[in-house]
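Open the model in your viewer and keep the selection panel at hand.

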Amino acid sequence: MTTSNDFKGRTALITGAASGIGRACAEALAKHGAARLILNDLDQARLETLELGGCEIDYVIGSVADEAMWEAAGPKLVGLTHAVVNAGIGAAGQIRELPFAEWRRVMDVNLDGVFLTLKAALSAIKQTASQTGGSIVITSSSTALKAIPGTGPYGASKAAVAHLARIAALEAAPDNIRVNAIAPGGVDTAIWESSDDFNRSVAAQGRDATLKAMAKTTPSGRFATSQEIAETMLFMLSDAASNMTGHVLVSDGAFTL
(Lines give C-alpha, C1' and ligand atoms only; values in the text may rest on other atoms or scores of the structure.)
Protein backbone atom coordinates (compact mmCIF):
# COMPACT_ATOMS: atom_id res chain seq x y z
CA MET A 1 0.00 0.00 0.00
CA THR A 2 1.29 3.46 -0.90
CA THR A 3 1.03 6.50 1.35
CA SER A 4 0.95 10.20 0.62
CA ASN A 5 4.70 10.54 1.20
CA ASP A 6 6.06 7.39 -0.41
CA PHE A 7 7.92 9.42 -3.05
CA LYS A 8 8.91 12.40 -0.91
CA GLY A 9 12.14 13.89 -2.21
CA ARG A 10 12.26 11.53 -5.19
CA THR A 11 12.66 12.39 -8.87
CA ALA A 12 10.78 10.42 -11.50
CA LEU A 13 10.85 10.26 -15.29
CA ILE A 14 7.59 9.42 -17.08
CA THR A 15 7.45 8.84 -20.84
CA GLY A 16 4.22 9.20 -22.77
CA ALA A 17 3.07 11.49 -19.96
CA ALA A 18 0.60 13.62 -21.89
CA SER A 19 -2.23 11.09 -21.87
CA GLY A 20 -3.49 7.74 -20.65
CA ILE A 21 -1.43 5.69 -18.21
CA GLY A 22 1.54 8.06 -18.37
CA ARG A 23 -0.57 11.06 -17.46
CA ALA A 24 -2.22 9.15 -14.62
CA CYS A 25 1.23 8.13 -13.32
CA ALA A 26 2.43 11.73 -13.32
CA GLU A 27 -0.64 12.83 -11.37
CA ALA A 28 -0.31 9.94 -8.91
CA LEU A 29 3.40 10.53 -8.30
CA ALA A 30 2.71 14.19 -7.57
CA LYS A 31 -0.09 13.19 -5.20
CA HIS A 32 2.25 10.79 -3.40
CA GLY A 33 4.93 13.36 -2.69
CA ALA A 34 7.38 13.34 -5.61
CA ALA A 35 9.66 16.37 -5.52
CA ARG A 36 10.48 16.53 -9.24
CA LEU A 37 8.93 15.02 -12.35
CA ILE A 38 10.62 14.79 -15.75
CA LEU A 39 7.87 14.47 -18.34
CA ASN A 40 8.35 13.19 -21.87
CA ASP A 41 5.94 13.32 -24.78
CA LEU A 42 5.63 14.67 -28.28
CA ASP A 43 2.82 17.00 -27.16
CA GLN A 44 4.26 19.68 -24.88
CA ALA A 45 1.06 21.72 -24.93
CA ARG A 46 -0.87 18.85 -23.42
CA LEU A 47 1.86 18.14 -20.89
CA GLU A 48 1.53 21.71 -19.70
CA THR A 49 -2.15 21.15 -18.85
CA LEU A 50 -1.18 18.69 -16.11
CA GLU A 51 -1.91 19.98 -12.59
CA LEU A 52 0.86 18.58 -10.41
CA GLY A 53 0.76 20.70 -7.29
CA GLY A 54 4.11 21.89 -6.02
CA CYS A 55 6.26 19.45 -8.02
CA GLU A 56 9.22 20.81 -9.89
CA ILE A 57 8.69 19.96 -13.57
CA ASP A 58 11.15 19.42 -16.41
CA TYR A 59 10.19 18.50 -19.96
CA VAL A 60 11.91 16.22 -22.44
CA ILE A 61 10.02 16.79 -25.67
CA GLY A 62 10.31 14.39 -28.58
CA SER A 63 10.18 10.77 -29.61
CA VAL A 64 11.53 8.20 -27.16
CA ALA A 65 13.17 6.56 -30.18
CA ASP A 66 15.36 9.62 -30.77
CA GLU A 67 18.82 8.80 -29.41
CA ALA A 68 19.96 12.41 -29.74
CA MET A 69 17.07 13.56 -27.54
CA TRP A 70 18.19 11.27 -24.71
CA GLU A 71 21.80 12.38 -25.04
CA ALA A 72 20.71 16.01 -24.76
CA ALA A 73 18.45 15.19 -21.81
CA GLY A 74 21.32 13.91 -19.69
CA PRO A 75 21.64 17.01 -17.44
CA LYS A 76 17.90 16.92 -16.68
CA LEU A 77 18.15 13.30 -15.49
CA VAL A 78 20.68 14.07 -12.76
CA GLY A 79 19.22 12.93 -9.43
CA LEU A 80 16.78 10.51 -11.04
CA THR A 81 15.48 7.79 -8.71
CA HIS A 82 12.44 6.37 -10.53
CA ALA A 83 11.22 5.89 -14.08
CA VAL A 84 7.95 4.94 -15.73
CA VAL A 85 8.90 3.65 -19.20
CA ASN A 86 5.48 3.95 -20.74
CA ALA A 87 5.42 5.62 -24.17
CA GLY A 88 3.94 3.38 -26.83
CA ILE A 89 1.76 3.26 -29.92
CA GLY A 90 -0.78 0.79 -31.24
CA ALA A 91 -1.20 -1.01 -34.53
CA ALA A 92 -3.59 -3.52 -36.04
CA GLY A 93 -3.51 -5.83 -39.01
CA GLN A 94 -2.89 -9.39 -40.11
CA ILE A 95 0.78 -10.29 -40.52
CA ARG A 96 0.35 -11.35 -44.14
CA GLU A 97 -1.14 -7.95 -45.01
CA LEU A 98 0.99 -5.71 -42.81
CA PRO A 99 3.47 -3.40 -44.55
CA PHE A 100 6.99 -3.66 -43.21
CA ALA A 101 6.95 0.11 -42.68
CA GLU A 102 4.10 -0.34 -40.20
CA TRP A 103 6.03 -3.04 -38.36
CA ARG A 104 9.05 -0.74 -38.10
CA ARG A 105 6.90 2.22 -37.01
CA VAL A 106 5.67 0.26 -33.99
CA MET A 107 9.04 -1.28 -33.13
CA ASP A 108 10.69 2.13 -33.37
CA VAL A 109 8.63 3.48 -30.47
CA ASN A 110 7.60 0.39 -28.52
CA LEU A 111 10.93 -1.45 -28.51
CA ASP A 112 13.74 0.87 -29.64
CA GLY A 113 12.21 3.70 -27.61
CA VAL A 114 11.97 1.53 -24.50
CA PHE A 115 15.59 0.44 -24.91
CA LEU A 116 16.82 4.03 -25.20
CA THR A 117 14.67 5.22 -22.29
CA LEU A 118 15.78 2.32 -20.11
CA LYS A 119 19.43 2.90 -20.99
CA ALA A 120 19.20 6.59 -20.07
CA ALA A 121 17.25 5.93 -16.88
CA LEU A 122 19.55 3.16 -15.64
CA SER A 123 22.60 5.33 -16.20
CA ALA A 124 21.08 8.29 -14.36
CA ILE A 125 19.61 6.30 -11.46
CA LYS A 126 22.90 4.50 -10.86
CA GLN A 127 24.41 7.82 -9.76
CA THR A 128 21.96 8.09 -6.82
CA ALA A 129 20.67 4.57 -6.24
CA SER A 130 23.54 3.41 -4.01
CA GLN A 131 22.07 5.46 -1.17
CA THR A 132 18.37 5.80 -1.94
CA GLY A 133 17.66 2.80 -4.15
CA GLY A 134 15.99 3.17 -7.52
CA SER A 135 13.06 1.62 -9.35
CA ILE A 136 11.77 1.38 -12.91
CA VAL A 137 8.48 0.07 -14.27
CA ILE A 138 7.98 -0.67 -17.98
CA THR A 139 4.54 -0.81 -19.57
CA SER A 140 4.10 -4.13 -21.36
CA SER A 141 0.72 -5.65 -22.25
CA SER A 142 -1.42 -8.74 -21.82
CA THR A 143 -0.91 -9.22 -25.57
CA ALA A 144 2.68 -10.08 -24.68
CA LEU A 145 1.33 -13.16 -22.92
CA LYS A 146 -1.78 -14.07 -24.91
CA ALA A 147 -1.71 -14.27 -28.71
CA ILE A 148 -4.39 -12.06 -30.25
CA PRO A 149 -4.88 -12.08 -34.04
CA GLY A 150 -4.19 -8.74 -35.67
CA THR A 151 -1.75 -7.50 -33.02
CA GLY A 152 1.51 -8.78 -34.53
CA PRO A 153 3.87 -5.82 -34.11
CA TYR A 154 2.23 -4.54 -30.94
CA GLY A 155 2.15 -7.92 -29.18
CA ALA A 156 5.68 -8.79 -30.28
CA SER A 157 7.05 -5.44 -29.09
CA LYS A 158 5.35 -5.78 -25.71
CA ALA A 159 6.63 -9.34 -25.27
CA ALA A 160 10.13 -8.09 -26.03
CA VAL A 161 10.00 -5.29 -23.46
CA ALA A 162 8.70 -7.67 -20.79
CA HIS A 163 11.76 -9.83 -21.30
CA LEU A 164 13.99 -6.78 -21.49
CA ALA A 165 12.73 -5.83 -18.03
CA ARG A 166 13.86 -9.20 -16.66
CA ILE A 167 17.32 -8.85 -18.20
CA ALA A 168 17.64 -5.28 -16.92
CA ALA A 169 16.59 -6.43 -13.43
CA LEU A 170 19.49 -8.87 -13.28
CA GLU A 171 21.96 -6.33 -14.60
CA ALA A 172 20.79 -3.54 -12.30
CA ALA A 173 20.37 -5.46 -9.04
CA PRO A 174 24.02 -4.91 -7.94
CA ASP A 175 23.40 -1.16 -8.34
CA ASN A 176 20.36 -1.27 -6.01
CA ILE A 177 17.95 -0.64 -8.89
CA ARG A 178 14.77 -2.66 -9.34
CA VAL A 179 13.20 -3.15 -12.78
CA ASN A 180 9.72 -4.58 -13.29
CA ALA A 181 7.03 -4.54 -15.96
CA ILE A 182 3.26 -4.39 -15.88
CA ALA A 183 1.07 -6.18 -18.39
CA PRO A 184 -2.34 -4.48 -18.46
CA GLY A 185 -5.32 -5.91 -20.26
CA GLY A 186 -7.85 -3.54 -21.76
CA VAL A 187 -7.47 0.03 -20.50
CA ASP A 188 -9.55 3.01 -21.55
CA THR A 189 -6.86 5.14 -23.21
CA ALA A 190 -6.35 7.03 -26.46
CA ILE A 191 -4.26 4.19 -27.90
CA TRP A 192 -7.45 2.55 -29.19
CA GLU A 193 -7.94 5.52 -31.49
CA SER A 194 -5.18 4.18 -33.75
CA SER A 195 -7.63 1.44 -34.80
CA ASP A 196 -9.97 2.17 -37.70
CA ASP A 197 -12.42 -0.46 -36.44
CA PHE A 198 -12.54 1.22 -33.03
CA ASN A 199 -13.15 4.64 -34.56
CA ARG A 200 -15.93 3.30 -36.78
CA SER A 201 -17.61 1.74 -33.76
CA VAL A 202 -17.30 4.95 -31.75
CA ALA A 203 -18.89 6.89 -34.61
CA ALA A 204 -21.76 4.40 -34.74
CA GLN A 205 -22.51 3.84 -31.05
CA GLY A 206 -20.24 6.00 -28.90
CA ARG A 207 -17.06 5.36 -26.92
CA ASP A 208 -18.64 3.90 -23.78
CA ALA A 209 -20.71 1.37 -25.72
CA THR A 210 -17.69 0.42 -27.83
CA LEU A 211 -15.48 -0.21 -24.79
CA LYS A 212 -18.26 -2.15 -23.08
CA ALA A 213 -18.62 -4.40 -26.12
CA MET A 214 -14.87 -4.94 -26.31
CA ALA A 215 -14.71 -5.77 -22.60
CA LYS A 216 -16.96 -8.81 -23.12
CA THR A 217 -13.78 -10.79 -23.82
CA THR A 218 -12.55 -9.95 -20.30
CA PRO A 219 -13.99 -12.13 -17.48
CA SER A 220 -14.28 -9.11 -15.18
CA GLY A 221 -16.55 -7.55 -17.79
CA ARG A 222 -14.83 -4.18 -17.92
CA PHE A 223 -11.70 -2.34 -18.92
CA ALA A 224 -9.44 -0.71 -16.32
CA THR A 225 -9.02 3.02 -15.96
CA SER A 226 -5.63 4.64 -16.41
CA GLN A 227 -5.75 5.64 -12.75
CA GLU A 228 -6.14 2.02 -11.61
CA ILE A 229 -3.10 0.93 -13.59
CA ALA A 230 -1.11 3.94 -12.37
CA GLU A 231 -1.76 3.10 -8.72
CA THR A 232 -0.55 -0.46 -9.30
CA MET A 233 2.57 0.88 -10.99
CA LEU A 234 3.22 3.20 -8.07
CA PHE A 235 3.17 0.22 -5.72
CA MET A 236 5.76 -1.49 -7.92
CA LEU A 237 7.88 1.67 -7.95
CA SER A 238 7.58 2.25 -4.22
CA ASP A 239 9.61 0.96 -1.29
CA ALA A 240 6.61 -1.23 -0.40
CA ALA A 241 7.74 -3.48 -3.28
CA SER A 242 11.41 -3.41 -2.29
CA ASN A 243 11.85 -7.17 -2.80
CA MET A 244 10.14 -7.22 -6.21
CA THR A 245 12.35 -7.11 -9.28
CA GLY A 246 12.37 -8.87 -12.64
CA HIS A 247 8.63 -9.43 -12.36
CA VAL A 248 5.92 -8.96 -15.01
CA LEU A 249 2.75 -8.15 -13.09
CA VAL A 250 -0.48 -8.94 -14.95
CA SER A 251 -3.42 -6.60 -14.34
CA ASP A 252 -6.03 -7.65 -16.87
CA GLY A 253 -9.34 -8.60 -15.23
CA ALA A 254 -8.49 -12.30 -15.88
CA PHE A 255 -8.20 -11.77 -19.65
CA THR A 256 -5.16 -14.03 -19.97
CA LEU A 257 -6.66 -16.92 -17.97
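Which residues in α1 meet which residues in α8? Select G20, I21, A24, C25, E27, A28 and L29 in α1, which meet S226, Q227, I229, A230, E231, M233, L234 and L237 in α8; contact means heavy atoms within 4.5 Å. The residues of this contact divide into 10 nonpolar, three polar and two charged (Ala, Val, Leu, Ile, Met, Phe, Trp, Tyr, Cys and Pro count as nonpolar, Asp, Glu, Lys and Arg as charged, and the others, Gly among them, as polar).

Before going on, note that this is a predicted model, in which local features need pLDDT of at least 70 and side-chain atom pairs count only at pLDDT 80 or more, while totals for chains, interfaces and linings use all residues. Residues are numbered from 1 along each chain as its sequence is written, and side-chain values use heavy atoms, with hydrogens and water left out.

Axes are lines fitted to C-alpha atoms, for helices over the stretch in contact, and angles run from 0 to 180 degrees between N-to-C directions. Helices (H or I, at least four residues) and strands (E, at least two) are DSSP runs, numbered from the N terminus.

Next, the sheet. Select its seven strands, which form an open, parallel sheet in the order β3-β2-β1-β4-β5-β6-β7; two strands pair if DSSP finds at least two bridges between them. At the edges are β3 (56-61) and β7 (248-251), each pairing on one side only. From one strand to the next, the twist averages 15°.

Zoom in on β5 (residues 134-139) and β6 (residues 177-184), a parallel pair with six bridges. T139 stands opposite I182 in β6.

Move to α6 (residues 196-205) and α7 (residues 207-214), whose axes are 7 Å apart at an angle of about 125°. α6 and α7 are therefore oblique to each other. Select F198, S201, V202 and Q205 of α6 with R207, A209, T210, L211 and M214 of α7 to see the contact.

Finally, zoom out. The protein chain has eight helices and seven strands, and its C-alpha atoms fill a box of roughly 50 × 35 × 35 Å along the principal axes.

Notes:
Parallel < 35°, antiparallel > 145°, perpendicular 65-115°, else oblique.
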